[in-house]
Amino acid sequence: MKQNVLAFAVALAFAAGGALAQEKTIKVTGFGAKTGPVRSFGVNSEAAMRAAADAINKQGGVKLADGSKAKIEVDYFDDGCNAEQGISVVRRIAGSDAVIAVGPTCSNVAEPLFGILQKKVDDKGDSGLQFPIFTDVAIKVGLAKISEWAFRNVPNEATMYSSVFYWLRASHPELKTVYGGVEEDFAHSRASWHVVMKDRAAANGFQVLGESKWLLADTNFATQVREMKKANADVVAISAHPFSLCGALKEMQRQGVKPKVLVGLTSSSSMETLEGCGKQAQGIIIPTSFAPVTKEGQAASQATAKFKGAADLHSMAAWENMFILKQVMEAEKISGGKNDLQADRRKIRDGLAKLRTTQGLMGVTKRTADREADKPYLFVQAKGNSWVVLHNPL
Amino acid sequence: MLDILQAISDGVLFGATYALIGIGFTLVFGVMHKLNLSYAAASVGGAYAGLLILKVLVGAAPWQVFLCAFAAGGVIGYLVYLLCFHFIPLANPLATLMSTVGMLLLIDEIIVHTTEGMPQNYPAMFDDVMLRAGEFTLRGDLLLVFAISVLAMILLLALLYRTKLGLATRAVSQQPVAAQLCGIRVGGVNAATFIVTGLLGGLAGAMIGASVGTLSPLLTTPLTVKGLIVTVIGGLGSIPGAIVAGLLVGGFENVLQLWRGVTERDLYVMLLLFAFLVFRPEGFFGRKAATD
Amino acid sequence: MDFYFGLAQLIGVHTLLGLSAYIVLLTGQVTLAQAGFFAVGAYVSAMLTVLAGWHLAPALGIGALAGAITACAVGFPALRVKGLMLVIATLAFGEGVRLFFFNFDYQVAKGGIKVGPLGGEGFRQIRFFPEHGWSTLEVMLFVWTCVVLAMALLWWFDRSRYGAVLRAVGEDEIAAQAVGVNLTAAKVSAFTIGGAIAGVGGGLYAHYTTHIEHSSFNILVATFAIAYPIVGGLRSVFGTLLAVIFVQGVLIEGLRFLGDWRNLLFGALIVLAMNVRPAGFLGGARRA
């Protein structure tokens with residue numbers, strides 16, 4: 001009798017244990033800058049990732065190969081916008097049971113990080129790290145092609161600015177000349193003017209009169225704005241982040257430089273610009289890959305706000321990444337088992353590589369052959385205390 | 001020709017902000033013979049703290065923000081003294097150097113955490129005043145900053161040479177042991193020096209914030225470097241030297257920027273420093289025999 | 001395990017950076033120029049492996065030589081500048097090196113694409129390690145071989161007359177001169193050796209991060225370089241190693257569980273460390 005009770009109790013315990021073991025998790029770890037001047041980016045990305053995971057989990061989670069469902073677990077690490085820390089953090093994540101990492105924030109972390117990854121999958125002679133990375137923020141042009149394990153969901157600035165200048169030309173044919181302002185010591189802004197804006201403006205029929213250069217942390221823009229004033233262009237395009245953008249705009253106000261149209265850098269379409277120099281930035285036009293104009297976008301914004309983050313083109317990319325990953329994980333039938341970790345990572349990588357389109361918050365995003373994204377975009381303009389949609393090319 | 005003159009005047013006027021920071025650096029250098037690397041960060045921190053008054057008194061006037069920054073600077077200055085200098089024996093200059101580095105990192109992080117790294121709009125006075133003479137323009141608000149630097153210099157010199165505290169400060173600076181023997185509390189004098197330079201630093205931070213129009217944690221490093229360069233060129237411990245050097249560096253870098261572009265500009269400022277170190281190591285007005 | 005090997009690599013390279021400052025600090029010269037020599041070593045050895053196809057070992061050797069020559073060139077004028085002025089002068093030098101590389105372009109076409117340093121864009125694809133199939137463990141062992149050699153060299157100096165001469169100069173220059181020590185030789189040689197060690201460290205840094213740019217060698221790096229020997233104490237090379245493990249291992253990686261508080265504590269703990277142990281973890285004075 002006692003033996004039967006004992007056996008029954010043991011069986012019950014196993015059953016209960018088995019039921020508890022049904023709570024499977026898939027770990028997706030984010031990383032980015034949570035210290036330093038770009039701290040807000042990391043905070044927002046983390047909030048977006050957690051909000052997205054929460055939404056996915058509320059809908060049941062991710063379906064695994066054996067039909068069971070797993071909850072997504074999110075963790076986030078700070079890399080301080082420092083290359084060595086970024087590499088160390090990704091090695092740490094790769095050593096954990098995470099299936100993929102989402103990040104980084106800074107392009108100067110992304111470039112070295114992608115460099116330590118295996119360049120071509122299945123290259124036995126290449127001892128690079130075999131771990132997939134899906135970038136939400138780091139936007140410097142052309143980074144994903146560094147490694148077949150690197151994927152990005154960041155806007156394609158060439159396409160966006162081409163569209164901006166095309167639209168300006170079409171809707172305001174009296175605008176003929178462009179003058180630039182560029183932050184020379186920051187990889188992203190520098191490339192965005194020299195490689196993107198200048199080129200796309202000329203391609204769309206504008207005459208580029210020249211550019212004024214300054215550094216990221218500069219404080220005195222008198223000479224540069226004087227050059228700008230002399231050029232007297234119809235359109236002034238400033239490829240700079242909020243701090244120096246604000247410095248330049250305030251100097252422009254001081255010297256009475258008022259171009260007919262002001263164009264800004266993608267990353268500057270955020271609260272930072274409005275808080276730093278809202279008055280002077282009024283009317284600046286910036287192409288962006290996110291504005292809360294769709295139902296999904298508004299829902300994502302509100303969800304992210306609940307996790308104490310702001311929704312902008314950067315953090316919403318992180319949100320989108322989570323849903324794309326869910327889709328890929330289910331399509332590639334990952335097992336979610338601890339022993340199949342590397343196989344699952346490889347499946348996710350292959351799945352991401354196969355994608356031709358993904359569903360974004362603004363519409364369908366195309367994926368390119370070199371693992372970049374071609375995201376739908378619209379133009380926003382600083383009006384009052386917020387960014388208002390100026391034109392939706394879709 | 002007008003371009004160069006305009007560039008010089010733009011640069012020299014902005015140099016007034018460097019002068020303000022330089023005065024603080026050179027005072028601590030000159031009095032305590034110690035390097036306070038956290039000074040520029042503390043000044044920017046004071047400026048940020050000045051913005052707190054806007055939370056209490058919505059719609060406060062710029063001068064009230066500046067006053068708050070001034071006071072906050074003094075408090076921060078005292079804290080820096082307490083945490084970095086008071087407990088560390090004088091015989092360990094390396095330890096105080098490193099502790100001020102730690103302080104710089106700490107202040108930077110506090111600023112980033114409380115503001116999420118976002119640039120803060122800073123109120124300004126006379127920022128729309130531009131004095132014009134034909135094509136030539138001068139920024140009114142920078143003239144105010146210059147005036148404040150000169151005023152600060154006069155007040156500090158008066159403090160140093162006409163008050164008992166100043167006398168004690170000079171005594172400690174020249175002969176700490178003898179000063180102690182005369183009954184001067186070295187600790188108290190050093191603390192007072194830090195409070196005074198802190199007050200000045202808070203004001204400098206506020207003035208810089210007003211001139212730039214926005215505050216950002218990005219400001220601390222370039223201000224530290226410029227402040228140190230200005231201190232050396234002006235002469236260690238010389239307040240008028242710091243002002244002259246600040247204006248010189250401001251004008252020089254702007255002219256070089258006009259001539260050689262922004263990416264090479266700072267290289268030439270370094271070369272200017274080296275030129276002074278080689279040909280005139282005591283700076284403009286420093287004492288010739290620069291002992292340690 | 002990969003993470004721990006990677007962390008060990010990082011600790012190794014930072015130890016080299018710290019050791020390069022250690023030997024100069026022994027002579028009483030506070031130098032913020034080590035990041036500059038680090039940068040020179042990084043760019044030179046990276047250019048040799050990427051543009052000229054050299055093996056890493058000789059490339060590191062030339063990088064060390066380049067660092068040594070640059071440091072020697074700095075060491076002589078440094079003699080004229082005393083005390084805290086030297087801090088500023090070396091800081092300016094380090095910044096000058098960074099700005100030089102900010103403006104430095106040297107690209108060569110290799111296999112259809114251009115490789116090499118490109119000013120503000122930096123120097124990308126320095127992939128000697130992964131291209132030659134080195135595992136993280138092998139890279140770590142290579143890095144630590146270099147570190148052990150450097151530590152052994154400096155430790156041997158400390159037990160020889162040369163080390164005593166250096167410390168004598170650091171303690172009291174006039175007294176040292178009075179007993180016949182050649183100040184110039186002592187100070188410049190210390191700078192040169194420090195430059196060589198920094199050059200090796202820089203070369204390794206370039207290869208394990210695969211991408212370097214001017215901002216990788218900024219004032220923060222220069223500050224960390226002297227922070228390690230100061231926090232660790234100048235009594236022995238192990239102090240520097242201990243300080244690197246403390247900063248990189250404990251403060252940066254170990255305290256991650258504290259989340260946001262980690263970076264606030266970083267500066268605070270350094271201030272605390274200096275107040276509690278002003279002469280560094282292992283102390284400063286060497287008892288013979």
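This is a predicted model: local features need pLDDT of at least 70, side-chain atom pairs count only at pLDDT 80 or more; totals for chains, interfaces and linings use all residues.
The C-alpha trace of chain A, for its part, spans about 100 × 50 × 35 Å along the principal axes. As for burial, 59% of the 394 residues in chain A count as buried.

Turning to the neighbours, chain A meets chain B through 29 residues of chain A and 30 residues of chain B. On the chain B side, the elements giving two or more residues are helix H1 (2-32), helix H5 (93-115), strand E1 (120-121), helix H11 (239-260) and helix H12 (262-279). H1(B) supplies the largest share of that side, with four residues. Sorted by class, the chain B side has 13 nonpolar, 11 polar and six charged residues.

Chain B also packs a helix against chain C. The axes of helix H10 (residues 220-234) of chain B and helix H4 (residues 83-102) of chain C come within 10 Å and cross at roughly 130°, which makes H10(B) oblique to H4(C). This crossing of H10(B) and H4(C) is left-handed. H10(B) puts in Val225(B), Leu228(B), Ile229(B) and Val232(B), while H4(C) brings Met85(C), Ile88(C), Leu91(C), Ala92(C) and Glu95(C). That gives the H10(B)–H4(C) contact eight nonpolar residues, no polar ones and one charged.

Terms used
Residues are numbered from 1 along each chain as its sequence is written. Chains are lettered from A and ligands numbered from 1 in the order in which they are written. Two residues are in contact if their C-beta atoms, placed from the backbone, lie within 7 Å. Ala, Val, Leu, Ile, Met, Phe, Trp, Tyr, Cys and Pro count as nonpolar, Asp, Glu, Lys and Arg as charged, and the others, Gly among them, as polar. Axes are lines fitted to C-alpha atoms, for helices over the stretch in contact, and angles run from 0 to 180 degrees between N-to-C directions. Angles under 35 degrees count as roughly parallel, over 145 as roughly antiparallel, 65 to 115 as roughly perpendicular and the rest as oblique. A crossing is left-handed if the near helix is turned anticlockwise from the far one by less than a right angle, and right-handed if clockwise. A residue is buried if 20 or more other C-beta atoms lie within 10 Å of its own, exposed if 12 or fewer, and partly exposed in between; C-beta atoms are placed from the backbone.
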